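The sequence and model are shown below.

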Amino acid sequence: MINLKKIRKAILTAVWFMFLTFPLMVMKVNTIENTVQWRWINLAYIGISAFIFSLFWEDLLKRRDNIASKDKKKSINNKISRKLENKKIRNISLFVLILIVVLFPFIMSMYQTSIITTALMYVVLGLGLNIVVGFGGLLHLGYAAFYAVGAYTYGLLYYHFGLSFWLCLPLGALFSALFGIILGFPILRLRGDYLAIVTLAFGEITKLVLENWNDFSFGPSGIANIPRPMFFGIKLKLAEVTNFTYFIAIGLTILTIIVIKRLESSKIGRAWEAMREDEIACQSMGIDITKAKLTAFSMGAVWAGIMGVLFAAKTTFINPASFTTWESIVILCVVVIGGMGSIPGVIVGALIFILTPEYLRAFSEYRMLIFGLALVIMMIFRPGGIIPKIRKTHQFKVKEVKE
Amino acid sequence: MLKIEHISTYYGNIQALKDISISVSEGEIITLIGANGAGKSTTLMSLCGIVPVRSGKITFDGQDITTMTPDKIVSLGISQVPEGRRIFPLLSVKENLDMGAFLRNDKEGIKRDIEYIYTLFPRLAERRNQQGGTLSGGEQQMLAISRALMAKPRLLLLDEPSLGLAPLIVQQIFEIIKKVNEENKTTVFLVEQNANMALKIAHRGYVLETGKITMTDNADKLLSNEDVKKAYLGI
């Protein structure tokens, strides 16, 4: 357990951490009065917490390894996923969830509703990217480009032709899917790092085009005064429209989950999974790799397009600054942190990843620090994501024992 | 049923196959033997459309398949067990078999064939829910062959099924190949380094040397041929 060697190591770690965080946590320069404020108490906090943390660090790591090596059914990783498969628990939690979801905008403030709407949009974006990255195994770093395509579809079609939100929703999906196919063709032969580079470039090109093609996209000044979604032709007040947007986001999220669940167990879904694991084997099974890749890209893009339209309607203003590479990376983080290929994982991942920085605003300048720390710890203890994907081997077994 | 006529294949500027002609008739086991780098695998890959052929012609049942894409070729009834097995490591054994039947739509037939596979390889039945990647080398090879059989091929292409396996398991696998050929009338095209084993189960054989066919005869004649003995059988 705790011996002298460990304590010494912990003290060293604590000192090192105090040294590292000294400029950030202790010194505070007041630029108005030209004075430096020394906050020694912070140093003590850091020292103590780093000491305690490092003292138990190895035990924590050991526990993780023990869990991993034990019977798989008993590990926490599977516990959550398995629990969700239990009908009774599932029904109760589903009921509670629906209740919360329906009542949420009426209990909480407009600000809260708005944040949740944003988080839900990332759920859908994450699920969409999950098709490409999680199922297809194609690392895609330019996903925000499809998001932009959706947003600009609505923005421009409204500006030029006055098309409504509801009409643009499917159109945004369509244009995005087309873009997915256009991107798909040049990268059919690429794999791994090269694929990542090309998709990254694609995202960047899309943004640059939007930024510089003034006649088409109005450049960096963007498109303003995009109307919010209307309720059967009735224009709603701001508070009502916020709630309405929230319910649209909920509806689209549910639609996405259903469609992607169906896709996953369909023939196309199996082709994607096979493609992720081995392309040559995939071909010798008679799977058309070209088709599988292109459908993965376009089916992934569809959701980004839909969310782009919703984003434009929600913020009423779009410009290229909303669709940077950082945006693509955030969505990718949602997928990886949630658990690649796992639908509940991506949902939880999006909620945590988007909501945490929002609710950590109270800690102002430290929020990114805390967030970063949380990510590192999570990656150490749950490398497969928050809710990793489990394969349904379990179900066959039960049936076959009975026979 | 399969005719390869004067094909040449290149990797960049390097010629891997020089004017190769092979013919396979229905119900046969044909083996292609040769040393490392002779072009055995390239022959198979050219046949499957994975590596493009530069000149020559390949026909299957009279249909030209030279420039067809791999998935089209599979749909004609040519199924390949790729070199190094290449099973799907994260999918379970049963899911791997399901993938093999990707192009088929008859649910009942697939079910029956999976049962048939399980009787053929009882080991796979025991491990049906295990991830493919956790199987031993021999079991993976069995799985790779079974997966190819799930496509109900008329022609089964095998690329070095003995690779990296213990002699006892190699024996087992070859016996199964023979059984499959006899029971289902599946034509087998076997590419092997283990010439001795391959020639024992095959009807006819081709010897490939640095991209050229140097000899072809009945398998038993090749087995007793002095040159083949010296070069490939180590006798």
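## Cysteines

A:Cys168 has a relative accessible area of 0% and is therefore buried (buried means under 20% relative accessible area, exposed over 50%, partly exposed in between, with a 1.4 Å probe and protein chains only). A:Cys282 is likewise buried, at 0% relative accessibility.

## Basis of the model

The model is predicted, so local features need pLDDT of at least 70 and side-chain atom pairs count only at pLDDT 80 or more, while totals for chains, interfaces and linings use all residues. Residues are numbered from 1 along each chain as its sequence is written, chains are lettered from A and ligands numbered from 1 in the order in which they are written, and side-chain values use heavy atoms, with hydrogens and water left out.

## Chain A

Chain A comprises 17 helices and two strands; helices (H or I, at least four residues) and strands (E, at least two) are DSSP runs, numbered from the N terminus. The C-alpha trace spans about 75 × 70 × 45 Å along its principal axes. Of the 403 residues in chain A, 44% are buried.

## Helix α3 of chain B

Helix α3 of chain B covers residues 93-100, and because seven of its eight residues are buried, the helix is largely enclosed by the rest of the structure. Among the buried residues are B:Val93, B:Leu97 and B:Met99.
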